[in-house]
Amino acid sequence: MVEIREQIITLNKWHYEPGYRIEVGGKFRDLYSLITERYLAKNISISISGLRRVGKTTILFQLINYLLESGTEGKRILYYQFSEKINNLEQVLQIFFTNFTDLEVGRDNFYIFLDELQYVRDWQSIVKGYIDQNKRIKFVVSGSASIYFRSSVKESLAGRMLDFTLHPLSFVEMLNLKYAFRGKYTFSKIVVDAGDKIGELRKLQHERSPYQKWLSKYLAYGEFPALLPYLDDPEYCRKYLREGLLAKILQKDIQLFEVEKEAEISALYRISCSNMAQMMNLTNVAAETGLSYPTIKKYTLVLQKTYLIEDVVNRLRSVRAQVKALDKTFVTSINLAVTTLAIDDPLHPPYVDFRGHIIENFVYNSVKQLGQTYYYNKAGKEVDLILEIGNKTIPIEVKSTAKLKKTDTNHLFNYMQKNKLDEGYLVYGGEVGRIEDDGRMIYLVPYWLL
């Protein structure tokens, strides 16, 4: 308990120095803005999970600074970071409320920031108890491996906690943080809201064109905030990604899921990287690796829970057919994937065909937060991505080339006709444009606009 008390003193200097602020710089990720503008003042707790080193702790610190600047009393804010050795949440909360604050709980909110919560077993029952005891106790928690890997966790906090995933930096976020780029137009807003889509896309292309050249470095090293000052030092970036990030995930985070053989799951991650944006047959992978199917299935789930890969299902009308179809595998970080595969320039990989998979994975990572994402493949007629936003369905085809063949839009138009859709998108290496057929419109979008 003495050690916990000392850590609380060290980590919470604003308890004793009213003017103290954590030094985290003045650049903010999109999720920070979303939380401060819409959710922090509401009577609900918040969880932020995601891959290591994407900036979760920084956002917690920025939220603490925001609260202090907004007039919240320092003694109403607790920050604590857990570890493998110190993971007793109940003790932390008891010590804080007993020794570090003499304020009434019921008058104003208490804000409890808990970092690296994946190390705490059954944290949800403790948090639930405090929330149910007093709605003025508001938690903001984070974890680098899925803090919801036990099935009962989410259910027990339903209605009490909103869940957010912090993804690696998008291309636009990298431009904002690295080059102070503040664009008026975004692909996501155009897809969802724009009336004159072709006009808005052309304005977006004009606005973004000076930054097109940075896409290759973004795909290689630009997804993690800590690497933005070092984009011109490939050797350092590769070492950071390989040893400072991926190795720690495979050595530490997977241990939470009782995985004993690091080499086996590392091999499966490499296979997943080489099959990014493709359907991956786990039976074939089991035969290729010599591991059992249940082991491959378990390891795949662990890679998902540690935010290394994601699976997307085939959007077929029959649920039964969907379950039987193969999932498409995407990597959450192209930086980690191309480092694992020793690809120096993602836009010019050793295998020309692989460029298309990298671009498709980039497009998926760019649009997945807009809504529910699927792919479609029936009788060989494939549409790369199907994005569902509310009642709106948006099919997206991806090509890595700058020139299109007449047949490149066939599957897209076929899907639009079959599902009575008026618009779709073809993301490729060329210029903004459009193709119309029988009243249906396909918008042509350069992939560097995403």
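This is a predicted model: local features need pLDDT of at least 70, side-chain atom pairs count only at pLDDT 80 or more; totals for chains, interfaces and linings use all residues.

Within β10, Val383 is the bridge partner of Tyr376.

**Pairing of β9 and β10**
- Strand β9, residues 372-378, pairs with β10 in the antiparallel sense, over 6 bridges.
- The hairpin of β9 and β10 has 2 residues between the strands, and Ala379 takes a positive phi near 55° there.

**Pairing of β10 and β11**
- Strand β11, residues 392-398, runs antiparallel to β10, and 5 bridges join the two.
- Thr393 in β11 is the bridge partner of Glu388.
- In the hairpin of β10 and β11, 2 residues lie between the strands, and Gly390 adopts a positive phi near 60°.

**Burial of β10**
- Strand β10 spans residues 381-389 and is largely enclosed by the rest of the structure, because 7 of its 9 residues are buried.

**Asn87**
- Asn87 lies in the loop between β2 (77-81) and α4 (89-100).
- Because its relative accessibility is 33%, Asn87 counts as partly exposed, the band between under 20% for buried and over 50% for exposed.
- The side chain of Asn87 reaches the backbone oxygen of Glu84 at 3.2 Å.
- Apart from neighbours within four places in sequence, Asn87 is in contact with Phe82, Tyr119 and Val120.
- A distance of 49 Å separates the C-alpha atoms of Asn87 and Lys378, which are 291 residues apart along the chain.

Definitions and conventions: Residues are numbered from 1 along each chain as its sequence is written. Side-chain values use heavy atoms; hydrogens and water are left out. Helices (H or I, at least four residues) and strands (E, at least two) are DSSP runs, numbered from the N terminus. Buried means under 20% relative accessible area, exposed over 50%, partly exposed in between (1.4 Å probe, protein chains only). Contact means heavy atoms within 4.5 Å. A polar contact is a pair of N or O atoms within 3.5 Å; within protein, one must be able to donate a hydrogen and the other to accept it, and residues adjacent in sequence count only if both atoms are side-chain atoms. Two strands pair if DSSP finds at least two bridges between them.
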